[in-house]
Every structure is written in structure tokens, then in C-alpha cells.
Amino acid sequence: MFETLNTMITDTLGPAGPLIVIAGLAALLIIGTIPMLMNTKPDPLDRLKETGRKKLEADTRAVLREKSRNEKLNKYAQFLEPQDEKELSDIKQKLLQAGYRGKDAVQLYYFMQVTLGLLGLAAGLGYYFLFMDPVASTMQDKIMYICGPGIIGYLGPKYWITKRIEARKQEIEDGFPDSLDMMLVCVEAGQSMEQAILRVAKELRVSYPALAEEFEIITYEIKAGKDRAQVLADMSDRCGVQDVSSFTTVLNQAQTFGTSIGDALRVYAGEMRDKRVMRAEEKANKLPTKMTLTTMMLTVPPLLLILVGPSAVGITQIGGQ
């Protein structure tokens, strides 16, 4: 059969006929397998490598943008940063407590102050010349309508930072007792302190993001090789909460004297629970005092109107007669 087929191909295509047929079949096979190869699923490792490469490129672009932005601000650093070291340290500390950790946070803060102050001053001038009579207005009106918006714009960033610090401290203070309880459970389950802090940070990400972020910074700094005592001290400075300062002191003492971290966490977590209950009781005890003034303002005037009103009307009518 094969000899007959070979003879037919040789008679039809010549002596090179079998080679031509084999080459054609190979070409058809290659053409047929190309769509199958293109439809195959990509290798997960290749996908992971591609994702890592894209992330690295994105981080690189972000770093380059950050550097270029810093270079632009650094040109005016002598105008956007206080020259006094103590004042510079204080404003850095406030910005850290507010959650702004960028290298150019101080420069951006003063830049926003100057920009908003100038914009407020320009808005005040525009309002004064468009809607006010320069001849009839007094010096007090000029100061109020021209300088007032500028002062408000200049003090706006300071007010924002202050309110953000208070809100962040309150959030950390509210979530810290729960974080200690979860940390104690993790440590007693056999995890190390760093693993327990990282797990607690993941659990607190939704409810208390500021506290979770502080715990994540701790784990990253310890992995980078920074001393644990210094890491905890830095966290205490960033938070500015007395409970966190006491917590860092407890952990440093447990590490120094070689005592059990689990026992120290158990005792301190109990104290934090009691302290939270005391805070709630304090707020509850303040509530009647706060409601007294409001109750008097809302109930006494209508009551006086109901009781004294008819008598006042009668006296008025008698006097009129």
C-alpha cells in the first residue's frame, strides 16, 4: 500500500514528490497547532513575574514623581521651613501625629498656609472693591473684609491639623484595648510578638485604620533591623496617646528583665479594659450636667410664657382702662 502510494506521488509530482508531501503535511500541522498554542492558559509564574514587574515600574515612577516634587519644593525650602530647630521638630511631630509622614510634609504645610492666606486676601480685596463703598467704610470694615479672609486662610491648615490630631488620638484610644486583647490571644497561641502585632494590624484595618497603620509600621521597622525599643518609642511619639506610651514601657521592661510578655499583656489588657469602662462612666456622669443648660433653655421660656403670659395680658388691659 505504501509502495503504491509512493509510486502515485512520484508519478504525479516527480522524484521529489514524497518530500513535498511530507513538508506540506508538516506545514499544515504547524498552522493547525498555532491557534491551540495561542489559546493555552498563561503560566501562573509568568503572570506573577509580570505583576511584580508592573508593580516595580509603578513604584519607580511614584518615587521619581516624589523626587521631582521634592526638588521643586526644596528650591523654596528656606521660605517653607522654619529655621529654628525646635520649631521644625515641633511641627514635624504634629504632622506625624496627624498621620502625614512624607518627607515634604512640613514644606507642604507652610506652602498651604501661604497659598490659602494669599487667596483669602485676594478674595477679601475683590469683595471689598466690588461690593463695599471705600469712602463710607471705616477702618474696622477694611480690616474685617480684607484681612479677615486672609487670616482665616492662613490659619486654616493649622486648624485642620489640630482637628485631625484629636480625631486620630481618639481613634487610637478607642481601639487600643481591643488590640491588646487580640494581641494577648495571639501570643498565648504561640505566635511571636512581631507576628501577633502584624495579625492584629490586619484585623483592625477596617475598624481602626490609624492604629492598624501604626502596628504595620512597627513590624516593617523591626524587619528592617531597627531596635525594638527604639521602634516602640517612635510609635509612642507618633501616636501621642498616654495608653500607647505605657504599653511601650511595659514591653520594654518585659524585654529588659526577661519576664513573660504574655503575663505583662494580660495585666495591662485588664487595666485597659477597666480604664475604658471608667471613661464610659465619666462621659455618662457628665451627660446630666451638659443637658441641664439645654433643658433650661428649651423648657423655662415656654413655661414662663404659659404661666406669666395671661397675668401680663390682664395687667396690661387693666392699665389701659
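Mentor: Let us begin with Gln97, which, apart from its neighbours within four places in sequence, is in contact (heavy atoms within 4.5 Å) with Ile165, Arg168, Lys169, Asp237, Arg238, Cys239 and Gly240. This is a predicted model, in which local features need pLDDT of at least 70, side-chain atom pairs count only at pLDDT 80 or more, and totals for chains, interfaces and linings use all residues. Residues are numbered from 1 along each chain as its sequence is written, and side-chain values use heavy atoms, with hydrogens and water left out.

Gln97 belongs to helix α5, residues 85-98; helices here are DSSP runs of H or I with at least four residues, numbered from the N terminus, while strands are runs of E with at least two. With a relative accessible area of 13%, Gln97 counts as buried, a term that means under 20% relative accessible area, against over 50% for exposed and partly exposed in between (1.4 Å probe, protein chains only).

As for its length, the 14 residues of α5 should span 20 Å at 1.5 Å a residue, and the end C-alpha atoms are 20 Å apart, which agrees; the expected span is 1.5 Å times one less than the number of residues. Just after α5, Gly99 adopts a positive phi of about 100°.
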